[in-house]
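Please read the following note alongside the structure.

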Amino acid sequence: MHLNYHFLRYLCPALKSIFVGKEISACFSQTKNEMILEAVDINETKFLKTQLNPPQIFLSFPDDFKRAKQHSMNYFKELIGDLISDCQVLPFERAFYFKMNSGRLL
């Protein structure tokens, strides 16, 4: 299983190296059970795409993503513009979070 605690212990440091210091510029969905997180800094833009269709939950990291003009829903508007400061796995859980400079968690 790719989303167990032991896998996430290795994934979170990789996500931390990619996303820490980047600003959340968008968080949205275009289809049911999907979320796309867009994070930017002065050098690059990174995407985290989640598909949350039980029992198959997937994470992907596309290099580019074109947002549709229609049928798109924004999430977590209060996080837009916030900087990612950390990525941690929850101890002995199948979950991780991004910590923001504001103290909020995603």
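1. The chain averages a pLDDT of 88, and 98% of the residues score at least 70. Where pLDDT is low, the predicted coordinates should not be read in detail.

2. Strand 6 (residues 84-89) has the highest mean pLDDT, 94, while strand 4 (residues 56-60) has the lowest, 84.

3. The chain contains 1 helix and 7 strands. Along the sequence they follow the pattern α-β-β-β-β-β-β-β. The radius of gyration is 14 Å, close to the 13 Å that the globule rule gives for 106 residues, so the chain is as compact as a globular protein of that length.

4. Taken along the principal axes, the box filled by the C-alpha atoms is roughly 40 × 30 × 25 Å. Of the 106 residues, 28% are buried. The chain exposes about 6,900 Å², of which carbon and sulfur atoms supply 55%.

5. Among contacts with a separation of 6 or more, 48% are between residues 24 or more positions apart.

6. Strand 6 runs antiparallel to strand 7 (residues 96-100), and 5 bridges join them. Within this pairing, Cys87 stands opposite Phe98 in strand 7.

7. Which residue in the turn between strand 6 and strand 7 has a positive phi? The two strands form a hairpin with 6 residues between them, and Phe92 in the turn has a positive phi of about 60°.

Technical notes. Residues numbered from 1 in each chain as written. Predicted model: local features only at pLDDT ≥ 70, side-chain atom pairs only at ≥ 80, totals over all residues. Heavy atoms only, no water. pLDDT = per-residue confidence, 0-100. Helix = DSSP H or I, 4+ residues; strand = E, 2+ residues; numbered from the N terminus. Pairing = 2+ DSSP bridges. Rg over C-alpha atoms; globule rule 2.2 N^0.38 Å. Buried < 20%, exposed > 50% of the residue type's maximum accessible area, 1.4 Å probe, protein only. Contact = heavy atoms within 4.5 Å. Areas by Shrake-Rupley, 256 points an atom, 1.4 Å probe, with all protein chains shown as cover.
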